[in-house]
Amino acid sequence: MYTKDTAQKVLIDPFYTGGNRLCIISAHATPGMASWLLTNYDERSIPQISVELIVGMTADEGIPLTFHEGFKLLHGNNYAGRDYHFSCSYISRQPSIHDNLYIWMNGEEPLCAFSGSLEFTQASFLQQQEQIHECSAVDAFQFYNRAVDRSVYCNYAEIEEEVRIYGSYQASNTERTADGRTNQVSLSWLTRKGNETGTRSGPNWGHRGRRNRNEAYIPLPSAVAKSGFFPLNKQHFIALTDDHRALLLRVEQMNDKAITTPASNAQLGEYLRNRMGLPNGAYIHKADFETYGRTDVTFYKIDDEQYYMDFSVVTPTQIS
């Protein structure tokens, strides 16, 4: 049984022995884990990986809207500008699948496989509390192929007729959680003094050297970073926005001072400028936020991998 460095052994090492395609069946899975894995491939300069995920319990349980939107965001042939292929499918016909399998292939040739209680979630992999063992790659791939026949891609146009998608785009309630903590926090786009935006930080992070001018991050105060509201250690999480978008995010930089979009630091800046009606790459001043109607953004926590992000503005029409 692997009990140490499981992610390395199961998700990384087989690449160096010829694997170029990773086929996964997991009873439950999260887009945060998929984003974490693809980012790790990118940071290790591992090229041309194909990751093909089947979520097993969706025939019985459906899937949260948050996760569904995250998987759709990742589904396709490009991540972080590299030639990565990621696909996500849901089991749509009974029976659901409780098993967890990780099958490494070289093209169509099975190389090695692992099975056990380890689900494709950050909670399972990064906390390393589950067990996994090697199994027959040929048998595992045959099982995977039979599951493909009972699955449907997450971006299928009529997916809601095949699999139940539950949840909605709305803020969680503002009551405190069971451990007494509030489930919401507001973060300012401005510097700590509050008198302006950072010249080369926050929404203007890309305004330095030859960087992409859209690069941006949400400043994260130390007290909030240490509070446990957001996951740390470069774990990924997804936020549904009030205008029906999905953003895959993580906390990074020295002292956990920034919330970024790991696939590209420019994704957040592009979203922000578009939302505020500014040109791509525009330098953002405090006055631009005031013209828009607010200088902060509010996060509501569902769990460590799901959040709701509110950057909405109450207009006079809405008030009346």
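Let me start with R208, which forms a salt bridge with E215, their closest N and O atoms being 3.9 Å apart; by salt bridge I mean a side-chain nitrogen of Lys or Arg within 4 Å of a carboxyl oxygen of Asp or Glu. R208 counts as partly exposed at 22% relative accessibility, whereas E215 counts as buried at 11%, where buried means under 20% relative accessible area, exposed over 50%, and partly exposed in between, with a 1.4 Å probe and protein chains only.

Before I go on, please keep in mind that this is a predicted model, in which local features need pLDDT of at least 70 and side-chain atom pairs count only at pLDDT 80 or more, while totals for chains, interfaces and linings use all residues. Residues are numbered from 1 along each chain as its sequence is written, and side-chain values use heavy atoms, with hydrogens and water left out.

Across the whole structure, the search finds 13 salt bridges. One of them joins R250 to E43, with the closest N and O atoms 3.0 Å apart; because R250 lies in strand 13 (residues 246-252) and E43 in helix 2 (residues 31-43), this pair ties together parts that are 207 residues apart in sequence. Helices (H or I, at least four residues) and strands (E, at least two) are DSSP runs, numbered from the N terminus. R250 is buried, with a relative accessible area of 6%, whereas E43 is partly exposed at 45%. There is also a network of salt bridges that links R21, E52 and E108.

How many of the residues of strand 16 are buried? Five of the five are, so the strand is largely enclosed by the rest of the structure. Q306, Y308 and D310 point one way from the strand, and Y307 and M309 point the other way. As a general point, in a regular strand the side chains alternate between the two faces of the sheet.

Which strands pair with strand 16? Strand 12 (residues 236-241) does so in the parallel sense over four bridges, with Y308 as the bridge partner of L240, and strand 15 does so in the antiparallel sense over five bridges, with M309 as the bridge partner of F299; pairing here requires that DSSP finds at least two bridges between two strands. Strands 15 and 16 form a hairpin with two residues between them.
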